[in-house]
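This report describes selected features of a protein model. The sequence and structure are shown first, and the description follows.

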Amino acid sequence: MEELANLFHGFAVALQPYNIMLMIIGITLGVIIGVLPGLGGANGVAILLPLTFSMPPTSAIIMLSCIYWGALFGGAITSILFNIPGEPWSVATTFDGYPMAQQGKPGEALTAAFTSSFVGALFAVIMITLVAPLVAGFALRFGPAEKFAVYFLAFCSFVGLSKEPPFKTIAAMMMGFALAAVGLDSITGQLRLTFGVTELLNGFDFLIAVIGLFGIGEILLTMEEGLAFRGGNATINLRVVLQTWCELPSYWMTSLRSCLIGCWMGVTPAGATPASFMSYGIAKRLARRGNNFGKGEIEGVIAPETAAHAAGTSALLPMLSLGVPGSPTAAVLLGGLLIWGLQPGPMLFVEQKEFVWGLIASMYLGNLAGLIVVLTCVPIFAAILRVPFGIIAPLILVLCAIGAYSVHNSTFDVMLMLVFGVLGYLLKKCNYPLAPLVLAIVLGDKAEEAFRQSLLGSQGSLGVFFSNGLVSTIMVLGLVALFWSAIQEGYSRLRTAAA
């Protein structure tokens, strides 16, 4: 009952006129970001994060999270109308969404995609509402060893459960750890890796790194590929929406299965992209009309969109309750919380109840607002692709530069942003994942601090990380996640040998 009362108080916070206005602005900006191929939710949130510095933390996180919801919605528009995935997780939507549009059914495909996205997000938000306080209450028992074990589990999960090559994931993560170590040592007070540069005394600012890696890096890559947009026309009328809504309940099993897949892939740091592909593949195997997938089957739109939105939303659960982001966008939001002076984790539910429950309430309202906005404004968002990329790219570069400069009012930060942009471009060209790098920059110093505090308390004994049932369980889960691919391969070989 206490959580229910807190949720209603959160709705009172989220329903303030100022926050509703920010919600609509965030959704609109997010859909535009989702429509523009290559930008992505994490990039958009990172670029626009400086705009929220003067806002109250609750209002700022509501706007940023709504940008993310809007980006999740917007990726489906270009996937279905132009066969251009606005986001990586929208690739699976093109398999049946674009054929439906080619068959003269763009309205049905878009309505199914938007409604499925809303259903997936709603399922994930309900899960967060019920589970997050329990996880946070449990995590209040954590000491330095338990905190390090949670960080260890997050790092191992990115290595072992990711679809990226483990070597490249580890290499990107090690680079992030090195960058996180720059500056003043929080334990001894000594300077590390500053090379006499006074601007590096406080280390690399997370926001500068993210704007460069995601924003500038993506622009450089897109310029090289010579991306050209082409506009299009699309309309959704009320009759098509109602007809599609009447048809969707018959696919309830696909929606439920996709919600569960999405929530699982979001809480573990697998992300929305593998969730959408896994959901599409399972739906194709189990559907009655599975052979028709890829030719314009509405179930092939429902499955990936539901899973992607559920995964994207549920990634905020470990970020809020444990302080460990479940996706690149959650990592950027985590950095935002730190900038506003808030410490994500279990104490957030004790010290900042208004903030947490205002955010959770805004998830309900933001996704509803997103559904309404995309259903009514599809023609406008589709027309954005008529704007030449030569105009859009400089605007994004200017926004990035302003955002980097506004952090410390320093031109050195703008230069650092460009360096990180070149680094992000090179990593993407070599197919190195950016998410582990961002995770290590955000959590590297915290993991190091928890590790060293644990060793100081145990007089240098590594046995502290297996000293009780809780920390031992988390560490063992981390090791299992790290070697999951090897475990699966060994199990397959055993089965083959037994057969």
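Which residues are buried in helix α10 (residues 238-247)?

## Helix α10

In α10, the buried residues are Val240, Val241 and Thr244, where buried means under 20% relative accessible area, exposed over 50% and partly exposed in between (1.4 Å probe, protein chains only). These residues span an arc of only 100° around the axis, which places them on the same side of α10; the arc is that of the directions from the helix axis to the C-beta atoms. Leu238, Arg239 and Cys246 are exposed on the other side of α10.

## Basis of the model

The model is predicted: local features need pLDDT of at least 70, side-chain atom pairs count only at pLDDT 80 or more, and totals for chains, interfaces and linings use all residues. Residues are numbered from 1 along each chain as its sequence is written, and side-chain values use heavy atoms, with hydrogens and water left out.

## Overall composition

The protein chain contains 22 helices and 2 strands; these are DSSP runs numbered from the N terminus, with helices (H or I) of at least four residues and strands (E) of at least two. Of its 499 residues, 57% count as buried. The chain exposes about 20,900 Å², of which carbon and sulfur atoms supply 67%; accessible areas come from the Shrake-Rupley method with a 1.4 Å probe.

Considering contacts (heavy atoms within 4.5 Å) between residues at least 6 apart in sequence, 79% join residues at least 24 apart.

## Packing of α7 and α20

Helix α7 (residues 144-160) packs with helix α20 (residues 435-457) at an angle of about 155°, and their axes are 8 Å apart. Axes are lines fitted to C-alpha atoms over the stretch in contact, and angles run from 0 to 180 degrees between N-to-C directions. The two helices, α7 and α20, are therefore roughly antiparallel, a term for angles over 145 degrees.

Residues of α7 that make the contact include Phe148, Tyr151, Phe155 and Phe158. Among those contributed by α20 are Leu439, Leu443, Ala447 and Phe451.

## Positive phi in two loops

Most residues other than glycine have a negative phi. Leu193, which is not a glycine, has a positive phi of about 55°. Leu193 lies in the loop between β2 (191-192) and α9 (206-225) and is partly exposed, with a relative accessible area of 45%.

Gln459 also has a positive phi, near 60°. Gln459 is located in the loop between α20 and α21 (469-482) and is exposed, with a relative accessible area of 79%.

Methods
Angles under 35 degrees count as roughly parallel, over 145 as roughly antiparallel, 65 to 115 as roughly perpendicular and the rest as oblique.
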